[in-house]
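Dear colleague,

Please keep in mind while reading that the model is predicted.

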Amino acid sequence: MFIQTEQTPNPATLKFLPSCTVMSSGTANFTDRRAAARSPLAERLFELPEVAGVFLGADFITVTKEGDSDWHQLKPAVLAAVMEHFTAGRPVVAAGADEPAAAGASDTGEEEDEVVSQIKELLETRVRPAVAIDGGDIVFHDFEDGVVYLEMHGSCSGCPSSTATLKAGIENMLRHYIPEVVEVRAI
């Protein structure tokens with residue numbers, strides 16, 4: 001098995017591409033060892049003391065390291081863990097361990113439902129594919145009083161350029177297409 005690695009805009013994360021499907025649908029974000037209990041792969045990666053987070057995408061794994069850790073030492077250990085996991089044929093996520101759905105806006109009216117639907121469509125078709133290239137994900141959380149709340153996962157979480165991505169990229173695009181949107185905030 002050949003596993004490629006790619007740097008991300010976030011220096012604390014590295015993207016691993018194991019030349020196979022990682023998640024057949026959706027994504028999974030693990031920010032600590034306890035949350036990783038439903039993923040044998042994430043659990044294995046959290047056994048490495050320098051691992052602070054694991055994000056699983058369709059065909060990639062993004063690993064976040066502890067702040068003072070060195071990729072020079074951690075990268076070979078992650079590569080070995082990922083290769084061993086897939087070579088052994090273990091599941092990425094345990095059977096029956098579904099990812100909780102992202103929170104949506106409450107049903108307060110037909111107009112809001114249409115706006116939320118438009119926001120989700122733009123995020124799904126334009127934003128998520130772009131941030132997945134960098135090993136991350138942005139998930140809709142809520143829309144309230146003109147403010148879109150997004151949750152950042154993988155390399156997007158804690159990335160130095162995430163504020164610029166949110167404000168200059170996502171917020172401008174959503175405001176252009178959806179006049180009801182006045183601001184975008186990360187949660």
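Which residues lie nearest the centre of the second largest pocket, and how many residues line that pocket? The lining consists of 14 residues, and those nearest the centre are Thr27, Ala58, Phe60, Arg128 and Ala132. The volume of this second largest pocket comes to about 220 Å³. Helix α3 (110-133) and strand β6 (136-144) each contribute at least two residues to its lining, and the largest share, four residues, is supplied by α3. By residue type, the lining of the second largest pocket is made up of five nonpolar, four polar and five charged residues.

I also looked at helix α2, which runs over residues 71-87 and so comprises 17 residues by the DSSP assignment. From its first C-alpha to its last, α2 reaches 23 Å, which is close to the 24 Å expected at 1.5 Å a residue. Its buried residues are Trp71, Leu74, Val78, Ala81, Val82, His85 and Phe86. Viewed down the axis of α2, these buried residues fall within an arc of 120°, and they therefore line one face of the helix. The exposed residues His72, Gln73 and Thr87 are carried on the face of α2 that is turned away from this buried side. As for what covers the buried residues of α2, the elements include β2 (13-17), α1 (40-46), β4 (51-56) and β5 (61-65).

With best regards

Notes
Residues are numbered from 1 along each chain as its sequence is written. This is a predicted model: local features need pLDDT of at least 70, side-chain atom pairs count only at pLDDT 80 or more; totals for chains, interfaces and linings use all residues. Side-chain values use heavy atoms; hydrogens and water are left out. On a 1 Å grid over the protein atoms alone, a cavity is a set of points where a 1.4 Å probe fits but cannot get out, and a pocket is an open set with protein on both sides within 12 Å along at least five of seven lines; lining residues have an atom within 4 Å of a point. Grid points are joined across faces, edges and corners, and a volume is the space filled by probe spheres set on the points. Ala, Val, Leu, Ile, Met, Phe, Trp, Tyr, Cys and Pro count as nonpolar, Asp, Glu, Lys and Arg as charged, and the others, Gly among them, as polar. The expected span of a helix is 1.5 Å times one less than its number of residues. Buried means under 20% relative accessible area, exposed over 50%, partly exposed in between (1.4 Å probe, protein chains only). The arc is that of the directions from the helix axis to the C-beta atoms. Contact means heavy atoms within 4.5 Å.
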